[in-house]
Amino acid sequence: MEIDKLVASKVLGIEIKYGNIVRDGKRSGIPSYSRSIEQAWKVVESLRNYRQFTLSDCIDENNKLVYYVNFQYNDTHHVVNYEAYSNSVAMAICLAALKSVGVEI
């Protein structure tokens, strides 16, 4: 998925070539960050060093369950919220993480 490639390269800083991750000269597949909570949590852990993370569930305008994710940057002078909603926790994490590095989907 294109979102997984963007998360790997833009959020995690991993080199991508020909649709694969390149590490130490070896290629491997791109993890399913947007579909797997285990992989999405790696994204959370990488951003938690300098952004506060919030996850909650809520009901959308169609009375359906959705998940809200916020990565908040706060340097005591500025507070910036990078937030996203999705019916999947993993996708909400990826969308908010991408926003936090300037990529809007």
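# Notebook: helices, strands and a nonpolar core

**Entry 1. Val43 and the core.** I began with Val43, which touches Val7, Val11, Leu12, Tyr33, Ile93 and Ala97 when residues up to four places away in sequence are not counted. I note here that the model is predicted. I then asked which residues touch the most other members of the largest nonpolar core. Of its 29 residues, these are Val7, Tyr33, Val43, Phe71 and Ile93. Two or more residues come to this core from each of α1, α2, β5, β6 and α3. Helix α3 gives the most, with 10 residues.

**Entry 2. Helix α3.** I checked the length of α3 first. Its 12 residues, at 1.5 Å a residue, should span 16 Å, and the end C-alpha atoms are 17 Å apart, which agrees. I next asked how many residues of α3 are buried. The count is 11 of the 12, so this helix is largely enclosed by the rest of the structure. Among the buried residues I listed Val89, Met91, Ile93, Cys94, Leu98 and Ser100. I looked up what covers them, and the cover includes α1, α2, β4, β5 and β6.

I also inspected both ends of α3. At its start, a side-chain oxygen of Ser88 reaches to within 3.3 Å of the backbone nitrogen of Ala90. After the helix comes Gly102, which has a positive phi, near 85°.

Entry 3. I traced an open sheet of three strands, in the order β4-β5-β6, with antiparallel pairing. Its edge strands are β4 (52-59) and β6 (79-86), each of which pairs on one side only. Ignoring direction, neighbouring strands of this sheet are turned by 20° against each other on average. Between β5 (residues 65-74) and β6 I found eight bridges in the antiparallel sense. Within the strand pairs I also noted that Tyr67 stands opposite Ser86 in β6. Helix α3 lies across β4, β5 and β6, and it runs at about 150° to β6.

**Entry 4. Helix α1.** I asked which residues of α1 (residues 2-11) are buried. They are Ile3, Asp4, Leu6, Val7, Ala8 and Val11. To read this list I recalled that an α-helix has 3.6 residues a turn, so residues three or four places apart point the same way. The cover over the buried residues of α1 includes β1 (16-17), α2 and α3 (89-100). Just after α1, Gly13 takes a positive phi of about 70°.

**Entry 5. Gln39 in helix α2.** I located Gln39 in helix α2 (residues 37-47). Is this residue buried or exposed? Gln39 has a relative accessibility of 19%, and buried means under 20%, so Gln39 counts as buried. Leaving aside neighbours within four places in sequence, I found Gln39 in contact with Pro31, Ser32 and Tyr33.

**Entry 6. Two hairpins.** Strands β1 and β2 (residues 20-23) pair in the antiparallel sense over two bridges, and Ile16 stands opposite Ile21 in β2. Their hairpin has two residues between the strands, and Tyr18 takes a positive phi near 50° there. Strand β2 is joined to β3 (residues 26-28) by three bridges, and these strands run antiparallel. Here Ile21 stands opposite Ser28 in β3. The hairpin of β2 and β3 has two residues between the strands, and in it Asp24 takes a positive phi near 50°.

Key
Residues numbered from 1 in each chain as written. Predicted model: local features only at pLDDT ≥ 70, side-chain atom pairs only at ≥ 80, totals over all residues. Heavy atoms only, no water. Helix = DSSP H or I, 4+ residues; strand = E, 2+ residues; numbered from the N terminus. Buried < 20%, exposed > 50% of the residue type's maximum accessible area, 1.4 Å probe, protein only. Contact = heavy atoms within 4.5 Å. Pairing = 2+ DSSP bridges. Axes fitted to C-alpha atoms, helices over the stretch in contact; angles between N-to-C directions. Expected span 1.5 Å × (residues − 1). Polar contact = N/O pair within 3.5 Å; in protein donor to acceptor, adjacent residues only side chain to side chain. Core = buried A, V, L, I, M, F, W, Y, C linked by side-chain atoms within 4.5 Å.
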